[in-house]
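Hi,

Here is the structure I promised to pass on. Have a look at it first, and my notes follow below.

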Amino acid sequence: MHRSVYMLMLTGAAALSLLGLTAAPVQAQDTLVLKAQVTDGDGRITLGDLFDNAGPAADVVVGTRVGPSAVLDAGEVQGRVRQAGQSWPNPQGLRRIIVSAGADGASATQIRAEAGRTKEVLVFTRALSAGEIVAPTDVAWQPVQAHLTGGSLISDPETAIGKTVRTPVREGGVVRPGDLTAPVVVRRTEMVKVSWQLNGISLSMTGPSQKDGAIGDLILVQNPQSKKLIEAVVTGPGSAAAGDTAQNLRARALYSSR
């Protein structure tokens, strides 16, 4: 009996070995390796700046740098790594990670290989604080060192103009989609006029919004008489649409954001 079980275990192990079904390679592939010297070039600290093998998670933002250096909590970084589907066991037992100004997400080998190379990209012409709206004069095309232009970039100035800065950005920083968001035009508790069409008749009501919203966002507005909440799509400052009009506006906004 024992011999049979032993032979079965050997047979199973041999089959797994032939098929390459071992846990070690997967664990090694998913475990991130912290860079010996962590630097950031555009003020947005990403997993690609921190780890050599961040892969698809390289563009995940974990913090910002507005001065010559920034300090990240190692435990918070570990949590963001886990959310991104990766693993970093922090073998050194670090409590903090120091990020210095320098190359953005590039290894020393890449920096040497791309030294002197430049690429024309859209950059901020001045430092902007979180919440500021990007004006036409706030962005411009400029040549930037090639190794600083990795990740997603905004290639059309019109895409950036009119948007709100999500986190502080520095002068000369590359403009990226994650830096910007649609500006809020309706504030929570603000009175909003909701309009909709019904059988060829235009109807409207005014009530308080239950949340902040940008143009194209879906919000809830309370009917002051019935106290019911009405779904509406923000169309501008203090205004929204409901019904079929709202659905069409919402679909258009979602399509244009792709």
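Of the 258 residues in the protein, 32% are buried, where buried means under 20% relative accessible area, exposed over 50% and partly exposed in between (1.4 Å probe, protein chains only). Please keep in mind that this is a predicted model, in which local features need pLDDT of at least 70 and side-chain atom pairs count only at pLDDT 80 or more, while totals for chains, interfaces and linings use all residues. Residues are numbered from 1 along each chain as its sequence is written, and side-chain values use heavy atoms, with hydrogens and water left out.

The protein has seven helices and 16 strands; these are DSSP runs numbered from the N terminus, with helices (H or I) of at least four residues and strands (E) of at least two. Taking contacts (heavy atoms within 4.5 Å) between residues at least 6 apart in sequence, 50% join residues at least 24 apart.

Now to the core. The largest nonpolar core has 18 residues, and Leu50, Phe51, Leu72, Val77, Trp88 and Ile97 touch the most other members. Such a core is a set of buried Ala, Val, Leu, Ile, Met, Phe, Trp, Tyr and Cys residues joined through side-chain atoms within 4.5 Å. H3, S4, H4 and S5 each supply at least two residues of this core, and H4 gives the most, with three. Ile97 touches, among others, Leu34, Val38, Leu50, Leu72, Val77 and Trp88, not counting residues up to four places away in sequence.

H4 deserves a moment of its own. Its buried residues are Ala74, Val77, Gly79 and Val81, and they pack against helix H3 (47-50), strand S4 (69-73) and S5. At the N-terminal end, Asp73 caps H4, with a side-chain oxygen 2.9 Å from the backbone nitrogen of Gly75. After H4 comes Gly85, whose phi is positive, near 80°.

Asn90 sits in the loop between helix H4 (74-83) and strand S5 (96-101). Asn90 counts as buried because its relative accessibility is 11%. The side chain of Asn90 reaches the backbone oxygen of Leu94 at 2.9 Å, and Asn90 is also in contact with Ala74 and Gln78, leaving aside neighbours within four places in sequence.

How many salt bridges does the structure hold? There are five, each being a side-chain nitrogen of Lys or Arg within 4 Å of a carboxyl oxygen of Asp or Glu. Arg65 pairs with Asp40, the closest N and O atoms being 2.8 Å apart. Arg65 lies in the loop between strand S3 (61-64) and S4 and Asp40 in strand S1, so this pair ties together parts 25 residues apart in sequence. Both Arg65 and Asp40 are buried. Elsewhere, Arg126, Glu132 and Asp138 are linked in a network of salt bridges; within it, the closest N and O atoms of Glu132 and Arg126 are 3.2 Å apart.

Pro237 is exposed, with a relative accessible area of 67%. Its C-alpha atom is separated by 4.7 Å from that of Val185, 52 residues apart along the chain.

Best wishes

Note on methods: Polar contact = N/O pair within 3.5 Å; in protein donor to acceptor, adjacent residues only side chain to side chain.
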